[in-house]
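Please keep the sequence and the model at hand while reading.

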Amino acid sequence: MEEPTAHVRKTALPGVGARYDLTTDAGDYLSVVSLHDGRRVLAVHDSDDDDVCKLSLSLTRPEAKTLAKLLTLDDPVAHLHKTMEIDLVTEHIPITARSPYSGRTLGDAQIRSRTGASVVAVLRRTAAVPSPTPDFRFATGDVLVVVGTREGVNAVAELIAGG
């Protein structure tokens, strides 16, 4: 017999991540906030007012994965669930007037070879340029859509900012 699943409500947190709320059978309110930088915040709320947080724990991505494994240890078929662990993130990185790459090409930046991350699109005003070529010229106000590891994406942000 399949175990019933709990009801989870998702709330988008623009620019931050997402919040997942769970109400337990005992009436407790539990939230997991998934932040864009990979951290997770686990919070227990007051049952009379879910805006009042009784306990909050901040977890790194590895800590959150370990907790998830601990919470499912009694699953007799857990070993049958194979997951591919690819820690890729997608982030929007703006080209500001202070960026040394405003007015320069994607090829000039050598983003993939320097960081391991890839620019998969550039958002410009009301249009998107998917898969920009090396001769694509960045302009102030462009937003790069970057995919890579957390470290690679952070390195792109630093590079574009001039750090």
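The numbered points below go from the whole chain to its parts.

1. Basis of the note. This is a predicted model, in which local features need a pLDDT of at least 70 and side-chain atom pairs count only at pLDDT 80 or more, while totals for chains, interfaces and linings use all residues. Residues are numbered from 1 along each chain as its sequence is written, and side-chain values use heavy atoms, with hydrogens and water left out.

2. Confidence. The pLDDT is the predictor's confidence in each residue, on a scale from 0 to 100. The chain averages 81, and 85% of the residues score at least 70.

3. Overall composition. The chain contains 4 helices and 9 strands; helices (H or I, at least four residues) and strands (E, at least two) are DSSP runs, numbered from the N terminus. Along the sequence they follow the pattern β-β-β-β-β-α-β-α-α-β-β-β-α.

4. Of the 163 residues, 26% count as buried, that is, under 20% relative accessible area with a 1.4 Å probe and protein chains only. The accessible surface comes to about 11200 Å², and 56% of this belongs to carbon and sulfur atoms; the areas come from the Shrake-Rupley method with a 1.4 Å probe. A contact means heavy atoms within 4.5 Å. Of the contacts with a separation of 6 or more, 44% are between residues 24 or more positions apart.

5. The five-stranded sheet. An open sheet is formed by 5 strands in the order β1-β2-β3-β4-β5, with antiparallel pairing; two strands pair if DSSP finds at least two bridges between them. Its edge strands are β1 and β5 (53–59), each of which pairs on one side only. Neighbouring strands of this sheet are turned by 20 degrees against each other on average, direction ignored, where axes are lines fitted to C-alpha atoms.

6. Pairings within that sheet. Strand β1 (residues 8–13) is joined to strand β2 (residues 17–23) by 6 bridges, and Val8 stands opposite Leu22 of β2. The hairpin of β1 and β2 has 3 residues between the strands, and Gly15 takes a positive phi near 80 degrees there. Further along, 6 bridges connect the antiparallel strands β3 (residues 29–35) and β4 (residues 40–45), with Val32 opposite Leu42 in β4.

7. Pairings of β7. Strand β7 (residues 118–124) runs antiparallel to β9, to which 5 bridges join it; Ala121 stands opposite Val145 in β9. The same strand β7 also pairs in the antiparallel sense with β8 (residues 127–130), over 4 bridges, and Val122 has Val129 in β8 as its bridge partner. In the hairpin of β7 and β8, which has 2 residues between the strands, Arg125 takes a positive phi near 50 degrees.

8. Helix α4. Does the length of this helix agree or disagree with expectation? The 12 residues of α4 (residues 150–161) should span 16 Å at 1.5 Å a residue, and the end C-alpha atoms are 17 Å apart, which agrees; the expected span is 1.5 Å times one less than the number of residues. Buried in α4 are Arg150, Gly152, Val153, Val156, Leu159 and Ile160. These buried residues pack against β6 (89–94), α2 (106–109), α3 (111–115) and β9 (143–148). Just after α4, Gly162 takes a positive phi of about 100 degrees.

Notes:
Buried means under 20% relative accessible area, exposed over 50%, partly exposed in between (1.4 Å probe, protein chains only). Axes are lines fitted to C-alpha atoms, for helices over the stretch in contact, and angles run from 0 to 180 degrees between N-to-C directions.
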